[in-house]
Amino acid sequence: MYLVKRHETWWALHDVPRKAQHILGRRLTRSLQTKDHAQAKRLADLLWLHDWDRRIKNALKAQHGGDDAEAALFRDMIQQAKTEEERELLEDHVASLARDRFDRAKTAAEAKAAERFAGAALGTLTPTAEHLEEWLGGIQDTEKTKSMKRSTILDLAQALPYAQEIDAKAAQAWVTGIVKKDGLSAKTVARILSSIRGYWKHLTALSLVKSDPFTGLTLPPTAKRGTSWKPFTPAQVVDLVKRANANSDHELADLITIDMWTGARIEEVCSLKVQDVDLAGKSFNVTDSKTKAGVREVPIHEELLPTL
């Protein structure tokens with residue numbers, strides 16, 4: 001960065017690295033609105049620290065992050081523009097880049113990508129998962145449930161990256177696809193759709209989308225109804241413990257033993273802490289479960305005491 005005096009006023013200038021010039025232009029300039037050189041230097045240092053350094057680093061990252069990263073950078077710059085003139089210049093630059101990409105497009109997919117870039121950069125398209133953490137932070141759920149909902153929305157965003165492009169047809173195709181690919185049960189599909197509908201209500205409240213395309217979908221006939229799980233017989237469970245010990249996997253053997261005598265879920269047992277277990281009272285407390293009903297006190301069988 002360097003300072004230049006123009007008409008009695010100091011300006012800050014910085015030559016942009018070549019790899020970032022297609023985003024930021026060849027040079028960053030800003031009037032410091034002062035005639036005092038010492039004050040101009042202090043203002044320039046603050047400008048570099050809180051604005052220009054971040055812009056250049058993000059532009060260089062976008063160089064390797066593809067269209068979405070570059071669009072996100074422009075969207076951020078436009079939202080943080082300090083003047084109407086700066087905002088209009090950035091929007092004009094985005095429009096110019098999008099036109100160049102569209103003119104150079106050789107396929108329909110490349111032309112669509114150019115339109116998407118413009119929409120994402122100008123803020124008319126919202127990345128599907130952009131408000132995910134904001135939504136999760138405002139709902140009352142266990143961390144385990146939030147983690148499952150996060151995975152669901154991220155999977156959706158991977159396939160359908162922009163919220164405004166998701167209509168009922170796209171939503172139905174996505175649901176049908178995951179059922180066929182992963183062989184999901186009807187219960188699992190219902191859970192997935194419930195999570196998405198909750199998130200879509202949040203996007204609607206932010207005025208980013210107008211309707212929920214995931215309401216009224218048809219459950220694919222290939223979705224499994226009921227359960228395909230078969231319980232182990234008592235003899236099979238005992239054999240599992242023996243095999244785990246034979247392989248010197250004593251932690252697994254203990255885990256199976258605890259499950260065998262309590263009926264607790266594996267994740268419930270794995271989340272137990274020392275303070276949750278009352279050997280004198282012969283019980284332990286499950287404090288982290290998938291459901292409210294799962295939070296409970298579990299009696300400890302005499303046969304299980306040595307393991308615990």
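Helices are DSSP runs of type H or I with at least four residues, numbered from the N terminus. The exercises below concern a predicted model.

**Exercise 1. Placing a salt bridge in a helix**

Determine in which helix Asp-239 and Arg-243 lie, and how many residues apart they are.

*Solution.* 
1. Asp-239 and Arg-243 are both part of helix α9, at a separation of four residues, about one turn of the helix.
2. The two residues form a salt bridge, in which the closest N and O atoms are 2.8 Å apart.
3. Arg-243 counts as exposed because its relative accessibility is 53%, and the cut-off for exposed is over 50%.

**Exercise 2. A pair in helix α3**

Describe the salt bridge between Arg-87 and Glu-91, and state which helix holds both residues.

*Solution.* 
1. The closest N and O atoms of Arg-87 and Glu-91 are 2.6 Å apart.
2. Both residues belong to helix α3, which covers residues 84–104. They are four residues apart, about one turn of the helix.
3. Arg-87 is partly exposed, since its relative accessibility is 26%. Glu-91, with 25%, is partly exposed as well.

**Exercise 3. Buried or exposed?**

Classify Lys-149 and Asp-141 by relative accessible area.

*Solution.* 
1. A salt bridge links Lys-149 to Asp-141, with 2.7 Å between the closest N and O atoms. The structure holds 15 salt bridges.
2. Buried means under 20% relative accessible area. Lys-149 has 18%, so Lys-149 is buried.
3. Asp-141 has a relative accessibility of 31% and therefore counts as partly exposed.

**Exercise 4. The packing of α9 and α10**

Characterise the relative direction of helices α9 and α10 and the hand of their crossing.

*Solution.* 
1. Two packed helices are described by the angle between their axes and the distance between the axes.
2. Helix α9 spans residues 234–246, and helix α10 spans residues 250–262. They pack at an angle of about 160 degrees, with their axes 7 Å apart.
3. Angles over 145 degrees count as roughly antiparallel; α9 and α10 are therefore roughly antiparallel to each other.
4. The crossing of α9 and α10 is left-handed.

**Exercise 5. A nonpolar surface patch**

Which residues make the nonpolar surface patch of about 240 Å²?

*Solution.* 
1. The patch is made by Val-238, Met-260 and Trp-261.
2. Of these, Met-260 is found in helix α10.
3. Met-260 has 34% relative accessibility and so counts as partly exposed. Patch residues need over 30% relative accessible area.

Definitions and conventions. Residues numbered from 1 in each chain as written. Predicted model: local features only at pLDDT ≥ 70, side-chain atom pairs only at ≥ 80, totals over all residues. Heavy atoms only, no water. Patch = residues over 30% accessible without salt bridge, like charges linked within 9 Å, V, L, I, M, F, W, Y side chains within 5 Å. Areas by Shrake-Rupley, 256 points an atom, 1.4 Å probe, with all protein chains shown as cover. Salt bridge = Lys/Arg side-chain N within 4 Å of Asp/Glu carboxyl O. Helix = DSSP H or I, 4+ residues; strand = E, 2+ residues; numbered from the N terminus. Buried < 20%, exposed > 50% of the residue type's maximum accessible area, 1.4 Å probe, protein only. Axes fitted to C-alpha atoms, helices over the stretch in contact; angles between N-to-C directions. Parallel < 35°, antiparallel > 145°, perpendicular 65-115°, else oblique. Left-handed = near helix turned anticlockwise from the far one by under 90°.
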